[in-house]
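Please work through each task before reading its solution.

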Amino acid sequence: IPYQRAELAKYGLTLERCEQAVQYVASGEIYAGHLAIAQGLIDSNTAWSIAGYVLKWPVITSVAFVVYHWVSKNRHRLPGGTPACSLDGR
């Protein structure tokens, strides 16, 4: 659910944390950024689960961290991005 409509405290989240990176809450665990994407893929129980496991490999996770942050800062400029994707003009 979008963090803007979620009861953040119910999930152990803060507004600041949600504004910094995507959050994924499952089985009492909180994952952020590229690890949230990886865990969401793993939990999908589809062929995409393999990609989630690969994203957690030591060398891959380092690269995924950098790529995630670049994409999150530039998502409004990427194909399909809209002005709504921008975070206060950042």
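**Burial and fold**

Of the chain's 90 residues, 23% count as buried, where buried means under 20% relative accessible area, exposed over 50% and partly exposed in between (1.4 Å probe, protein chains only). This is a predicted model, in which local features need pLDDT of at least 70, side-chain atom pairs count only at pLDDT 80 or more, and totals for chains, interfaces and linings use all residues. Residues are numbered from 1 along each chain as its sequence is written, and side-chain values use heavy atoms, with hydrogens and water left out.

**Exercise 1.** State how many helices and strands the chain has, and their pattern.

*Solution.* Helices (H or I, at least four residues) and strands (E, at least two) are DSSP runs, numbered from the N terminus. The chain has four helices and two strands. Along the sequence they follow the pattern α-β-β-α-α-α.

**Exercise 2.** Check the span of helix α4 (residues 58-74).

*Solution.* The expected span is 1.5 Å times one less than the number of residues. For the 17 residues of α4 this should be 24 Å, and the end C-alpha atoms are 25 Å apart, which agrees.

**Exercise 3.** Determine which residues of α4 are buried and what they pack against.

*Solution.* The buried residues of α4 are Thr-61, Ala-64, Tyr-68, Ser-72 and Asn-74. They lie on the same side of α4, because they cover an arc of only 160° around the axis, taken from the directions from the helix axis to the C-beta atoms. The buried residues of α4 pack against α2 (34-43) and α3 (49-55). The face turned away from the buried side carries the exposed residues Val-59, Val-66 and Lys-73.

Technical notes
Contact means heavy atoms within 4.5 Å.
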